[in-house]
Amino acid sequence: MTNERVFPDRSALQDALCEAMAAVIEHAIAARGVALLGLSGGNTPLPLYRQLAQQTLDWPRVVFALVDERRVPIDHPLSNERALREALAPALDRGARLQGMQTPASARSEEHTSELQSHSDLVCR
């Protein structure tokens with residue numbers, strides 16, 4: 001059985017996705033105290049990530065992780081981590097964390113690294 005939803009435009013789709021992502025985050029925090037989200041880079045999802053970062057959520061309990069990256073330095077214009085850091089800046093400024101694929105292991109939280117490896121609440125690919 002397929003549950004199909006049709007949206008009148010990209011903006012309506014983005015609003016629905018943002019609402020759904022916020023609900024997943026809230027549910028995960030209520031259930032486990034932390035929300036772990038795997039995010040893809042690229043230009044397509046950036047407006048959604050910008051909108052999500054504007055939401056009122058318990059950001060210190062949210063960990064984002066990249067699921068893909070280009071082989072470029074983090075400060076390169078094509079870096080997915082750079083783009084996500086910019087798009088998610090309001091959430092990161094309020095305590096959310098972004099675990100990049102190029103982040104040195106010594107800078108990663110061991111607790112969140114093992115949790116990301118065993119369980120993610122949402123993976124956007």
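Mentor: Let us begin with the polar contact, which is a pair of N or O atoms within 3.5 Å; within protein, one must be able to donate a hydrogen and the other to accept it, and residues adjacent in sequence count only if both atoms are side-chain atoms. The side chain of Q14 reaches the backbone oxygen of P47 at 3.4 Å, and Q14 itself is found in helix α1. This is a predicted model, in which local features need pLDDT of at least 70 and side-chain atom pairs count only at pLDDT 80 or more, while totals for chains, interfaces and linings use all residues. Residues are numbered from 1 along each chain as its sequence is written, and side-chain values use heavy atoms, with hydrogens and water left out.

Trainee: What is the mean pLDDT of the protein chain?

Mentor: On pLDDT, the predictor's confidence in each residue from 0 to 100, the protein chain has a mean of 85, and 80% of its residues reach 70 or more.

Trainee: How do you know that the span of helix α1 agrees with its 23 residues?

Mentor: Helices (H or I, at least four residues) and strands (E, at least two) are DSSP runs, numbered from the N terminus. The expected span is 1.5 Å times one less than the number of residues, so helix α1 (residues 10–32) should span 33 Å, and its end C-alpha atoms, 32 Å apart, agree with that. At the start of α1, a side-chain oxygen of D9 comes within 3.2 Å of the backbone nitrogen of S11, and just after the helix G33 takes a positive phi of about 90 degrees.

Trainee: Why does E69 count as buried?

Mentor: Buried means under 20% relative accessible area, exposed over 50%, and partly exposed in between (1.4 Å probe, protein chains only). E69 counts as buried because its relative accessibility is 19%, and its place is the loop between β2 (62–66) and α3 (80–87). G42, in the loop between β1 and α2, is at 17% and therefore also counts as buried.

Trainee: What does G42 touch, leaving out residues up to four places away in sequence?

Mentor: Contact means heavy atoms within 4.5 Å, and with that exclusion G42 touches R70 and N80. The C-alpha atoms of G42 and R70 are 9.6 Å apart, although 28 residues separate them in sequence.

Trainee: What makes W59 and F64 a tilted pair?

Mentor: Rings of Phe, Tyr and Trp (its six-membered ring) pair if their centres lie within 6.5 Å; planes under 30 degrees apart count as stacked, over 60 as edge-to-face and the rest as tilted. A search of the whole structure finds one aromatic pair. W59 and F64 form this pair, with 6.1 Å centre to centre and 40 degrees between the planes, and it is tilted. W59 counts as buried at 1% relative accessibility, and F64 does so at 0%.

Trainee: Which residues have the most contacts inside the largest nonpolar core?

Mentor: A nonpolar core is a set of buried Ala, Val, Leu, Ile, Met, Phe, Trp, Tyr and Cys residues joined through side-chain atoms within 4.5 Å. The largest has 27 residues, and Y49, L52, V62 and F64 have the most contacts inside it. Its largest share, six residues, comes from α1.
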